[in-house]
Amino acid sequence: MPEKPPRTTRYRLLEGPWGIWIELTASAATSGRPTACGDQVSDGVWLDATPVLTHPPTDRQGTRLSPGEAAWLRHGLTLAAPALTAAAPGPHTLVTVHHVRFPETDYQPEGLAAALLLWAEQEFDLPPHALAVTFDRAANRYVYPWAEALGPHPK
């Protein structure tokens, strides 16, 4: 399964009095057959979030995510899957998330979906996905277009 070197993407959002900053490192491998690891996100697309669910690794990079936070990664890849499937060099693609870093003060778990979506756009040269993110001053939170459909912490 040919794998490109990991790519690091920095997702930043500042639309209100504070922002979201997430650094995500992931890699993609393509194959002619379905992968034996990862969770299937769509036809031909799999996500392996195991490395970020078992942190800290020996290199001490990144943050350990909860299963609910990893679900946001899955959602971001789901958003990218239609364009990724059309652009991928093989019929099956495994995306492995190696590291995720963020400051606790500039973070919302929903931003993980946007960070992985941005990573996929950069990795596969996909057209940008329009995101209408707004800031809810009363709740002091960013509101993503998918937040209502999934709730604040998908399982």
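Visitor: What makes strand 3 and strand 4 a hairpin?

Guide: In this predicted model, strand 3 and strand 4 form a hairpin with 2 residues between them, and Gly44 in the turn has a positive phi of about 85 degrees. Strands here are DSSP runs (E, at least two residues) and helices are DSSP runs (H or I, at least four), both numbered from the N terminus.

Visitor: How do you know that strand 3 and strand 4 pair?

Guide: Two strands pair if DSSP finds at least two bridges between them; strand 3 (residues 39–42) and strand 4 have 3 bridges in the antiparallel sense, so they count as paired. Asp39 has Leu47 in strand 4 as its bridge partner. Strand 4 is also joined to strand 5 (residues 92–101) by 4 bridges, the two running parallel, and Val45 has Thr93 in strand 5 as its bridge partner.

Visitor: Why are both faces of strand 4 called covered?

Guide: Val45 and Leu47 on one side of strand 4 (residues 45–48), and Trp46 and Asp48 on the other, are all buried, meaning under 20% relative accessible area with a 1.4 Å probe, protein chains only.

Visitor: How do you know which residues of helix 2 and helix 3 meet?

Guide: Contact means heavy atoms within 4.5 Å, and the residues that meet include Trp72 and Leu73 in helix 2 and Leu112 and Leu116 in helix 3.

Residues are numbered from 1 along each chain as its sequence is written. Local features need pLDDT of at least 70, side-chain atom pairs count only at pLDDT 80 or more, totals for chains, interfaces and linings use all residues, and side-chain values use heavy atoms, leaving out hydrogens and water.

Conventions. Buried means under 20% relative accessible area, exposed over 50%, partly exposed in between (1.4 Å probe, protein chains only).
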